[in-house]
Amino acid sequence: AGRLGLGVIAYRTANALERPSYSVVRQLGGGVELRRYSPYLIAETSVRADSMREASGKGFREVAGYVFGKNRPATKMAMTAPVRMSSDPRGGVPSTTRVSFVLEKSYSRRTAPAPLRGQDVRVRSVAPHLLAARSFSGPPPSEKRVSSERQRVLDALSAAGLRPASDGETLLYGYHDPFITPSFMRKNEVAVRVEDSAAEVRAS
């Protein structure tokens, strides 16, 4: 009961974290949501690994170090959600997975703390974009689960007459920690960027 109580606290804390702003364009089939995101800022690192799950540990530590004070001028920033991972397996195995944290909206490219010299972190802007995402609960997903969820997203896009912006890129978002929050309460999302054309304008 004590561990579950801590898990509930962690769950509620994560749900209160700042997140990127978006509007829901429409609900697609299969539990897939089409969203239009406003621009936001991220701190990102790249990791060569055989899987997104393998890349997540090293990538998380690298970017978390930057966010929690390993930067110039040693500023401790607030945690946000989600932790983002992006991978395109077309480059072969091991592939490059990009792991990133969203920075608070109060920061801009000009005011965000600078990574330390030699630190494998860069701060960059994410442009406004359309995203098709499917949410599901559970522990950090396996490559098989990510692939399965991605196919569901692609099927929903196809049924709606929409196209992914990339043939291979997969986005994986994690909204809760994998250690304290019970797996059945954790929110994961697998998403793909959507081609922003007249079809999406009509969809709104």
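**Close-up views of a predicted model**

**View 1. The surroundings of L103.** Leaving aside neighbours within four places in sequence, L103 is in contact (heavy atoms within 4.5 Å) with E18, L41, I42, A43, Y66, V67, M77, T80, A112 and V123. The model is predicted: local features need pLDDT of at least 70 and side-chain atom pairs pLDDT 80 or more, whereas totals for chains, interfaces and linings use all residues. Residues are numbered from 1 along each chain as its sequence is written, and side-chain values use heavy atoms, with hydrogens and water left out.

**View 2. The nonpolar cores.** A nonpolar core is a set of buried Ala, Val, Leu, Ile, Met, Phe, Trp, Tyr and Cys residues joined through side-chain atoms within 4.5 Å. The largest such core holds 21 residues, of which Y66, V67, L103 and A112 touch the most other members. Two or more residues each are given to this core by β3 (40-49), α2, β5 and β6 (95-102). Helix α2 supplies five residues, the largest share. A second, separate core has 13 residues, including L130, L154, A156 and V194.

**View 3. Helix α2 and its end.** Helices (H or I, at least four residues) and strands (E, at least two) are DSSP runs, numbered from the N terminus. Just after α2, G69 takes a positive phi of about 130°.

**View 4. The loop between β4 and β5.** A74 has its place in the loop between β4 and β5 and adopts a positive phi near 60°, although it is not glycine. With a relative accessible area of 52%, A74 is exposed. Most residues other than glycine have a negative phi, and most peptide bonds are trans.

**View 5. M79 and its contacts.** M79 lies in the loop between β4 (71-72) and β5 (83-87). Its relative accessibility of 26% makes M79 partly exposed. Not counting residues up to four places away in sequence, M79 touches L17, F60, F68 and F101. L162 is 83 residues from M79 in sequence, and the two C-alpha atoms are 34 Å apart.

**View 6. T170 in strand β10.** T170 lies in β10, which spans residues 170-174, and is buried, with a relative accessible area of 6%. Beyond residues up to four places away in sequence, T170 touches M52, M85, S86, S87, V146, R150, V190 and A191.

View 7. Rings of Phe, Tyr and Trp (its six-membered ring) pair if their centres lie within 6.5 Å; planes under 30 degrees apart count as stacked, over 60 as edge-to-face and the rest as tilted. The count by this rule is three aromatic pairs. The ring centres of Y37 and Y40 are 6.3 Å apart and their planes stand at 55°, so this pair is tilted. Ring pairs link Y22, Y37 and Y40 into a cluster. Y37 is buried at a relative accessible area of 3%, and Y40 counts as buried at 10% relative accessibility.

Key
Buried < 20%, exposed > 50% of the residue type's maximum accessible area, 1.4 Å probe, protein only.
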